[in-house]
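Take a look at the model below. We will walk through a pair of helices, then through some charged side chains.

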Amino acid sequence: MSPGVLLPKDQFTSKHNHVMAVSPWPLILLLLLGCASLKVLDEKRIRGVLSLERDLLHTLRGYAEKLEEKISLINNSLDEYIDEIEEAKQDPEEYLSNPLNAFRLIRHMHQDWVGWQVYMEEQVGPEQVARMERLLPKLPQRGAFKKAAKDVHSLTRFYGYEPAELVAENEIKSPLHLSPLDCYHLGMELYEEHDYLGAAKWLQVAAQNYTRSRYSDLFHLLGAPRWQVFRDLGRTLFKLNRQSAYAAYDSALRLNPQNVHLMQEIGQMELFSLRDPMEPILDPEPNATLLESHCRGDITPQQGQLKCEVNTWVHLFLEFAPLKYEELIQEPYTIVYPASVYEEEIRHIEDAYEQCPPSAQFELKRGINGCSVSDGYSPVLKTINERILDMTGVEETFGTFYIVEYAQLTTFDPFKLFRNSSKFRKLNAKNLDNLDATVIIFLKDVALGGAITIPNGGLFVQPKKGNVLITFQNKELPTTVCPNIAGSGLVMIKFIFKKEE
């Protein structure tokens, strides 16, 4: 089914007034069906996970407050008891010769300590414990964890991050951080998938940093004791036939010297190694692809030249308000107009996207969604379209803007997705091989990753809010969006076709 286009506001209102005049239910049903798009479902899932985490934290905080109340009561009682016993220590005989003192001490010892034992055994915060039990079934399941672990490992390999780089000394303030406990569980997930090379890297970092984190006291409680981390590292290194497995097992044994099962495991490993020695499996030499190098920013991009041109071939007004642009590459000829779409205009576009009716929504690929918006939707979009005409020097553009939001962990070519899609009736009717130029307007910054690159052309552009990227299509070269590390991308795309003869 071909998605519609977000029409000018007066036309859109008249269409909806017609529907509402018949019955409100078709519109409500249409809106509900529109909310079933992947984008909305993902947003709901994200909000649901964050809401669940907030509920769990609130419950744990409530439990901590109950513990504090209990501790406060105990400490106050201890102060009173200690004051009493300190007074008795000065002259025990005189103190106990007072029958009131003797009665108070004997009664306290006879009755209070039994009560204290009962109080110590009482469950703290039973309401919070019961609430936690109700929330636990809503936690992400094993499949979600496996996918998240796979995504992290794939992303770090693509961008060439070493696990040690992600274990920040100040974990929370670092934009990219994993705790040693995170690294341990990621390593164990890879171990279960028989990716021993990957597992060894994560487990090595976990073992080396387990006690350096300010939260290390929790790791034994919530994850695994440190000796177990070294043991699992040893098991992994043994799978790779590496001598360093012995050192890992020795560290585990020093931390837990009475563990008989650990001793037996070490003995079996030594026996097996003597009986059937094998060559160690080493890490392969790093060999990044051209695309990976581009996305990492390892290549030296061609230096553009900032120009201030007077486009008198369009109209004379530009002599008084020239447009600045930077030439990026010559083939295909690509330029960027910095800060050429303004904050108020971007907010207007974002509002149009948020209010996009189901008939104008589309999905290019899982995690890549958008909205088709007519040039005439509003005076703001008309103005932006006229600005694009000034920037490109063409007489007309294709009559639709495409707002696209993406949060991909893999690379994709946005123009190839449009080319291969059959969802855009009017666009598909055009010959996409007859493109004169493509325009990408960046509507938000991407914190980490998400660069636009043409590997064979040497182009590397980091999304910057308000910038306009224009590529003139003398020949078709793949335009790749690199995986997002943090945040989602939001762009508005415009196609410009060659003038028909």
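A helix axis here is a line fitted to C-alpha atoms, over the stretch in contact, and angles run from 0 to 180 degrees between N-to-C directions. Keep in mind that this is a predicted model.

Start with the helices. Two packed helices are described by the angle between their axes and the distance between the axes. Find helix H12, residues 226-239, and helix H14, residues 260-275. Their axes come within 12 Å and cross at roughly 15 degrees. Angles under 35 degrees count as roughly parallel. H12 and H14 are therefore roughly parallel to each other. Their crossing is left-handed.

Which residues of H12 meet H14? They are Trp-227, Arg-231, Arg-235 and Phe-238. On the H14 side, the partners are Leu-262, Glu-265, Met-269, Phe-272 and Ser-273. The residues of this contact between H12 and H14 divide into 5 nonpolar, 1 polar and 3 charged.

Now turn to charge. Side chains of opposite charge can pair when their charged atoms come close. A salt bridge is counted when a side-chain nitrogen of Lys or Arg is within 4 Å of a carboxyl oxygen of Asp or Glu. By this rule, the model has 18 salt bridges.

Take one of them. Glu-189 and Arg-142 meet through their side chains, at 2.8 Å from N to O. Glu-189 sits in helix H9 (residues 180-192), and Arg-142 sits in helix H7 (residues 142-159). This pair links distant parts of the chain, 47 residues apart. Is Glu-189 buried or exposed? Glu-189 is buried, because its relative accessible area is 4%, and buried means under 20%. Arg-142 is partly exposed, with a relative accessible area of 40%.

Glu-193 forms a salt bridge with Lys-146, and their closest N and O atoms are 2.6 Å apart. Glu-193 lies in the loop between H9 and helix H10 (196-209), while Lys-146 is in helix H7, so this pair ties together parts 47 residues apart in sequence. Both ends are partly exposed: Glu-193 has a relative accessible area of 45%, and Lys-146 has 28%.

These pairs join up. Arg-142, Lys-146, Glu-189, Glu-192 and Glu-193 are linked in a network of salt bridges.

Finally, look within helix H7. Lys-147 pairs with Asp-151 in a salt bridge, with the closest N and O atoms 2.8 Å apart. Lys-147 and Asp-151 are 4 residues apart in helix H7, so about one helical turn separates them. Lys-147 counts as partly exposed at 48% relative accessibility, and Asp-151 is partly exposed at 22%.

Methods
Residues numbered from 1 in each chain as written. Predicted model: local features only at pLDDT ≥ 70, side-chain atom pairs only at ≥ 80, totals over all residues. Heavy atoms only, no water. Helix = DSSP H or I, 4+ residues; strand = E, 2+ residues; numbered from the N terminus. Parallel < 35°, antiparallel > 145°, perpendicular 65-115°, else oblique. Left-handed = near helix turned anticlockwise from the far one by under 90°. Contact = heavy atoms within 4.5 Å. Nonpolar A, V, L, I, M, F, W, Y, C, P; charged D, E, K, R; others polar. Buried < 20%, exposed > 50% of the residue type's maximum accessible area, 1.4 Å probe, protein only.
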